[in-house]
Amino acid sequence: MIKNVNSVLLVTGLAAAFAACGGPRQEIRNDSGLVDVSGLETKLAAMGQPQVFDLNGDLRPDVKVYYRTEPAPTAPGGQITYPFVKELDLNFDGKTDCWKFYINGVLEKELYDLDGDPTAIEVRNSFVMNQISQKEISIDRDEFPEIVKRYQNGQLVLILRDTNNDNGYDRRETYVNGRQAGVEIDPEQIKGWK
Ligand SMILES: [Ca+2]
Ligand SMILES: [Ca+2]
Ligand SMILES: [Ca+2]
Ligand SMILES: [Ca+2]
């Protein structure tokens, strides 16, 4: 199901889009912690009509793609239209579960609302050149992710965990070739892992 949704996704340019229309940009692109996206749909709708896709044939849109037109980099005077935000309803219940953001045509991040409450995002994936670089997971609905996974060339290399939920990482796991290579425990959080 998710694979099908992803197959219709295109590239976007979010940063420039919100820079052009002012205020919402900083709010939506807040890069610290996990964000509240409850107002995002309304803000996007104010910027233009999305293209919609109905993947399961229930006549309700499951994918909305918001576009932006900007100067074409390879054709002086020309314009190119990019999708810049995509909203996905992965479980077809009529509520968005995933938002994908693109900068300069390259996937920048994905936000997932896994419990149907968009005021708290549970998973945030960051990308570098379309490869995942970081996954942040919040279990308790606050903005501090209790689990952070880091990747190099798409492969897991590090996991930080806040096991006692005091907003400090106390466990650090390293991975080599996909296998756990070391575990460090810092109960007093002296090392300040980030
Ligand atoms: Ca549908
Ligand atoms: Ca949904
Ligand atoms: Ca949520
Ligand atoms: Ca901790």
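**A first tour**

Guide: The chain's secondary structure comes to 4 helices and 11 strands. Keep in mind that this is a predicted model.

Visitor: What share of the residues counts as buried?
Guide: Of the 194 residues of the chain, 24% count as buried.

Visitor: And how much of the contact comes from residues 24 or more positions apart?
Guide: Take the contacts with a separation of 6 or more. Residues 24 or more positions apart account for 30% of those.

Visitor: How are the strands arranged, then? What is their order in the sheet?
Guide: They make an open sheet of 11 strands, in the order 1-2-3-4-5-6-7-8-9-10-11. The pairing is antiparallel.

Visitor: Which strands sit at the edges?
Guide: Strand 1 and strand 11, the latter covering 179-185. Each of these edge strands pairs on one side only.

Visitor: What about the twist?
Guide: It averages 20° from one strand to the next.

Visitor: Let's go inside. How many residues are in the largest nonpolar core?
Guide: The largest nonpolar core has 19 residues. Those with the most contacts inside it are Val 37, Tyr 66, Phe 84, Val 85, Trp 99, Leu 111 and Ile 121.

Visitor: How many bridges join strand 5 to strand 6?
Guide: There are 4 bridges, and the two strands run antiparallel.

Visitor: Why call strand 5 largely enclosed?
Guide: Because 5 of its 7 residues are buried, strand 5 is largely enclosed by the rest of the structure.

Visitor: What's on the strand 4 side?
Guide: Strand 4 and strand 5 are joined by 6 bridges and run antiparallel. Tyr 102 stands opposite Leu 107 in strand 5. The two strands form a hairpin with 2 residues between them. Asn 104, in the turn, has a positive phi of about 50°.

Visitor: And strand 3 with strand 4, how many bridges?
Guide: That antiparallel pair has 4 bridges. Val 85 stands opposite Phe 101 in strand 4. Val 85 was also among the core residues with the most contacts.

Visitor: New topic. Tell me about strand 6 and strand 7.
Guide: Strand 6 covers residues 123-128 and strand 7 covers residues 131-137. They pair in the antiparallel sense over 6 bridges. Their hairpin has 2 residues between the strands. There, Met 129 takes a positive phi near 50°.

Visitor: Where is Ser 126 in all this?
Guide: Ser 126 is found in strand 6. Its bridge partner in strand 7 is Gln 134.

Visitor: What does Ser 126 touch?
Guide: Lys 109, Ser 133 and Gln 134, not counting residues up to four places away in sequence.

Visitor: How far is Ser 126 from Glu 136?
Guide: Their C-alpha atoms are separated by 8.5 Å. Along the chain, the two are 10 residues apart.

Visitor: Why does Ser 126 count as partly exposed?
Guide: Because it has 17 C-beta neighbours inside 10 Å. Buried would take 20 or more, and exposed 12 or fewer.

Visitor: Now the loops. Which loop holds Leu 59?
Guide: The loop between strand 1 (51-53) and strand 2. Leu 59 has a positive phi of about 70° although it is not a glycine.

Visitor: Is Leu 59 buried or exposed?
Guide: Exposed, with 6 other C-beta atoms within 10 Å.

Visitor: And Asn 167, where is that?
Guide: In the loop between strand 9 (155-161) and strand 10 (171-176). Phi of Asn 167 is near 65°, a positive value in a residue other than glycine.

Visitor: Why does Asn 167 count as exposed?
Guide: Because 12 other C-beta atoms lie within 10 Å of its own, and exposed means 12 or fewer.

Key: Residues numbered from 1 in each chain as written. Chains lettered and ligands numbered in written order. Predicted model: local features only at pLDDT ≥ 70, side-chain atom pairs only at ≥ 80, totals over all residues. Core = buried A, V, L, I, M, F, W, Y, C linked by C-beta atoms within 7 Å. Pairing = 2+ DSSP bridges. Axes fitted to C-alpha atoms, helices over the stretch in contact; angles between N-to-C directions. Contact = placed C-beta atoms within 7 Å.
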